[in-house]
Structures are given as C-alpha cells and as structure tokens.
Amino acid sequence: MTKGQAAAGVALPPLPDDLRRQEAHTPVVEGEPVIAILARERQALDRANARQGRTVQFYDDRTSRYGTRR
C-alpha cells in the first residue's frame, strides 16, 4: 500500500492489463493495395479508441465509488 492510499483509506484495484496495452501500427506489405492497409489501420484505431473508452469508464467507476471526483 502506498502512502497516498493509506492517507485516503482506500486501496484502488489494479488497472486491467488490457487497458495498458499499446496498439501497433498495421504492417505495410509491398504491392498491397493502399486501401487495404488503410482499412486495417482504421481497425487498429477503433480498437485503441475502444480501449481508451474502457479506461475512462474504469476510472469514472472508481472515482464515483470512492467520491474522489472534482
């Protein structure tokens, strides 16, 4: 337990591993149509945005539960 947790009297749960993951760029294969590469890159962006949304929801759930929202 950290000093801040002890002072707050609350031990927050760990952040889910999924929310720490970084999304890699789509590999570029020579000769592949650009539209296919772009489509895969957009799918990767969608996954990253969804992960960010889950991170925000996780944080909001915790702050509302423990009353630490400002």
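How much space lies in the second largest pocket?

Mentor: Happy to walk you through it. This is a predicted model, in which local features need pLDDT of at least 70 and side-chain atom pairs count only at pLDDT 80 or more, while totals for chains, interfaces and linings use all residues. Residues are numbered from 1 along each chain as its sequence is written, and side-chain values use heavy atoms, with hydrogens and water left out.

To your question: the second largest pocket holds about 160 Å³ of space. A pocket here is an open set of points on a 1 Å grid over the protein atoms alone, where a 1.4 Å probe fits, with protein on both sides within 12 Å along at least five of seven lines. The volume is the space filled by probe spheres set on the points, which are joined across faces, edges and corners.

Lining residues have an atom within 4 Å of a point. Among them are Leu19, Arg21, Gln22, Glu23, Ala24 and His25, and also Glu41, Ala44, Leu45, Ala48 and Arg51. By class, the lining has five nonpolar, two polar and four charged residues. In this scheme Ala, Val, Leu, Ile, Met, Phe, Trp, Tyr, Cys and Pro are nonpolar, Asp, Glu, Lys and Arg are charged, and the others, Gly among them, are polar.

For the setting, the protein chain has two helices and zero strands; these are DSSP runs numbered from the N terminus, with at least four residues (H or I) for a helix and at least two (E) for a strand.

Now to the charged lining residues. Glu23 forms a salt bridge with Arg51 at 2.8 Å, N to O, a salt bridge being a side-chain nitrogen of Lys or Arg within 4 Å of a carboxyl oxygen of Asp or Glu. Because Glu23 lies in the loop between α1 and α2 and Arg51 in helix α2, this pair ties together parts that are 28 residues apart in sequence. Arg51 counts as buried at 4% relative accessibility, whereas Glu23, at 25%, counts as partly exposed; buried means under 20% relative accessible area, exposed over 50%, and partly exposed in between, with a 1.4 Å probe and protein chains only.

Glu23 also pairs with Arg47, their closest N and O atoms being 2.9 Å apart. That pair again links distant parts of the chain, with Arg47 in helix α2 (residues 34–66) and Glu23 in the loop between α1 (3–8) and α2, 24 residues apart. Arg47 is partly exposed at 41% relative accessibility.

Another lining residue, Arg21, meets Asp18 in a salt bridge of 3.3 Å, N to O. Arg21 is partly exposed at 46%, and Asp18 is partly exposed at 26%.
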